[in-house]
Amino acid sequence: MRTWWHHSRSVTLRLSRVTQIQELVLKIHSRCNIACDHCYMYELADQSWKSRPTVISEDTVTHVAQRLSSYAEAHRLESVSVILHGGEPLLVGPGRLRGICSELTRILSPVTTLDLRMHTNGMLLHRPQLEVLREFGVKVGVSLDGDRPANDRHRLDRRGRSSYDKVLAGIERLRAPEYRHLYMGLLCTVDIKNDPVAVHDALTALDPPAIDYLLPHSTWDSPPPPGITDSPTPYAEWLLRIFDRWEEQGRPMKVRTFDSVLSTLRGGPPLTEAMGLAPSDLAVVETDGGIEGADSLKVAYDGAPATGYDVFQHGFEEYAGHPGVQARQSGIEGVSETCRRCPVVESCGGGLYAHRYSGERGFDNPSVFCADLRAFVEGVAERITERALTPAVHDLDELAFAQGELTRDLLRLMNDRAAPDDDWAEAWQALLRLDADDRAAPGLDAVLAHPYTRAALRLAWGGPAQPALLAPLVVASAVRSGAGTTLAWEHPAAVLHLPTLGTLELPGPGRVEVTADADGLLVRHEGGGDEVRVPLGGGGAGSSSGAVRWNPLDHGRPLVDDADPFRDCFAAPVAGPLSPGERDEFRALLTRCYALLDERRPGWRGDPHTCVATVVTPLSKGAGVQLGRHAPGALGVAVDAEPEEFVRQLPRLGRLARLAALRETTDLAVPGSPAGRLLDEASEALASACGECDSHSPDTDGHAVALKEAHRALTELAAQPERQLTGTGAALCAQLWAEWREKSGRHG
């Protein structure tokens, strides 16, 4: 029997690697109360549902839970998702549904966090079922294809009647206050005969937290329905019209396909199985206990998802090592040759695996939607590109200002999403007062420009806005400004770090109140008795006042920060905090490094292509010299760094820091286009040329090789369509050409 990895070119690649399965689709009922004519379960190539039990048995549920629990424990998985699926899962009835959820919870909860979900058509979302879902915290996604005409084009019940009113009634019950927290979103299968804006507006009216637009399941042997126009990319045009509408609305909810493309175009991870190169972490268990691949594979041929495994005789460890699963773990190597040459492959990922199938070549094809996927990704990239010329490309002060605005924007966004909290509100108002005071604003600017302020905001972005993040920023700004302020908040640690200044060691976690004034800090801690006065000083030894100890940072130039809790943003581990003796040794090392750099490269600080580090953080031995990730101005230097290596690397890293800072503030090229990669390559080569040549080695082989590589990248860049570069990117390209001519001695 053929399996879904049959004829796949990627089956021989990386078969020794075993991926972690973290998402399980559990079929609890194999029949449905709607007869959708586009359903992969009943209407397409695989018809295995006919031979399976209608309802999953209690014994099968127990075996599933035990197998998954053992797997989660062996791999120390912090959480697993179990998606209750069908057919229509709610056909099991509320009593049996409670038993299934209870058994899964009983066995899995002691081992890992269980994230229970359900995919339903919504017709049976009545109060008894909703009460069970609420009892176990089951998040619910509902299938709905848009307004009534769009939905009823395919989603009729078994008597040929509309399902629309019953689905809407179920969604309305799900949206009731007592169940609203279970509402996960809507899933819509694309039909290009429907009006895309009408479809999207109908779904938006139901206030979903998320929408997922799914292309109709198709293969090269069973291609998608044609468009109603002669357009070669009708599905891309349909989706882009919705993207434009979503943008007009201000992106009021997540749209998984859109969010995934936006993420990958900016270098982030894919957010959907249907696009991107992320490995699959999903397994499916049918009502008879059979362990299979993704349901979408049913579109390929009868038996396509089969593995021959079941939960009675096999574990998920065996499933994860199955060649069919491994064929989904090879990233760029696992897609067709056509895909590997495509400029949007990082965003598209070859499309949904099932959509690549043909009887002739198996899955070694691009997606049957290839042209549409490319047109969609490129259409999104074009829409989000900032084309205006920014002055930051010509002026490092303007670049620093633009970076500061990014940090302020992050703070504003965090404030917008902060839950009602008196401590946060007071800290935010204090920040606004400092910002409005001309005398205090420079102190605030200095704290916001600190590299690890941005790193802290980035790391905190996924969670709730915490006063313990904002309040120390405000206190540090007030200290630097000489402005008086008092803030109180719940502090979760026994260490309170004031960015750019130093660290307060507290008696322990708890509520703390800090007053900043001309004499230093007045600290009150619920576990420390009376208030404690802490005089502040820079660059010296720590001072102690009762239950509170103050450890200042080394405030020489540049600032040595070995204590900020968010400084660990380098490729190598950070060192420290350093002892006073170690700090003196590190400062002496930096002094030697900078002195040698000034001797070898006089005037390097005024190089318009170089960002100068404002903060240096000690790194572990052997780490060399590195830039901090998403921390503009941060330089990591190993405690045993060699001055010669420092001299060679710092000019190069300063240039790369400038490029990274430019990329963070504006677009240099259309996201995902070859022009962006070529700009990187040219910049890296010229930066390397700078590092390979100094007054002691004026024309090394490395210098010549780097210049040759820069010329190759710039020449290829010149051959790209002009529109791939933005105004800022074109200005940067001109600077790189001028620098190449200068360094190579050519003036043509």
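The mean pLDDT of this predicted protein model, where pLDDT is the predictor's confidence in each residue from 0 to 100, is 87, and 92% of the residues reach 70 or more. Over residues 1-18 pLDDT stays under 50, and for this stretch the model has 61 contacts beyond four places in sequence, a contact being heavy atoms within 4.5 Å. Because the model is predicted, local features need pLDDT of at least 70 and side-chain atom pairs count only at pLDDT 80 or more, whereas totals for chains, interfaces and linings use all residues. Residues are numbered from 1 along each chain as its sequence is written, and side-chain values use heavy atoms, with hydrogens and water left out.

Helices (H or I, at least four residues) and strands (E, at least two) are DSSP runs numbered from the N terminus, and two strands pair if DSSP finds at least two bridges between them. An open sheet of mixed pairing is formed by ten strands in the order β7-β6-β5-β4-β3-β2-β1-β8-β9-β10. Its edges are β7 (254-255) and β10 (309-310), each of which has a single partner strand, so one side of each lacks a neighbour in the sheet.

Within this sheet, strand β1 (residues 23-27) runs parallel to β8 and is joined to β8 by four bridges; Glu23 stands opposite Leu282 in β8. Strand β8 (residues 282-285) is in turn joined by two bridges to strand β9 (residues 290-292), and these two strands run antiparallel. Val284 has Glu292 in β9 as its bridge partner. The hairpin of β8 and β9 has four residues between the strands, and in this hairpin Gly289 takes a positive phi near 90 degrees. In a regular strand the side chains alternate between the two faces of the sheet. From β8, Leu282 and Val284 point one way and Ala283 and Val285 the other, and all are buried (under 20% relative accessible area, with exposed over 50% and partly exposed in between; 1.4 Å probe, protein chains only).

Helix α5 (residues 164-174) lies across β4 (139-143) and β5 (183-189), and runs at about 160 degrees to β4. Axes are lines fitted to C-alpha atoms, for helices over the stretch in contact, and angles run from 0 to 180 degrees between N-to-C directions.

Two helix pairs were examined. The axes of helix α7 (residues 234-248) and helix α13 (residues 370-384) come within 8 Å and cross at roughly 30 degrees; α7 and α13 are therefore roughly parallel to each other (angles under 35 degrees; over 145 is roughly antiparallel, 65 to 115 roughly perpendicular and the rest oblique). Residues of α7 including Leu239, Leu240 and Phe243 meet residues of α13, among them Phe376, Gly379 and Val380. Helix α2 (residues 93-108) packs against helix α3 (residues 127-136) at an angle of about 10 degrees, with the axes 9 Å apart, and α2 and α3 are therefore also roughly parallel to each other. Contributors to this pairing include Leu97 and Cys101 in α2, and Val132 and Phe136 in α3.

Elsewhere, strand β13 (residues 502-505) is joined by four bridges to β18, and the two run antiparallel. Thr503 stands opposite Asn551 in β18. Strand β18 (residues 548-552) has a covered face, formed by Val548, Trp550 and Pro552, and an uncovered one, formed by Arg549 and Asn551.

Lys708 lies in helix α22 (residues 701-718). At 66% relative accessibility, Lys708 counts as exposed.
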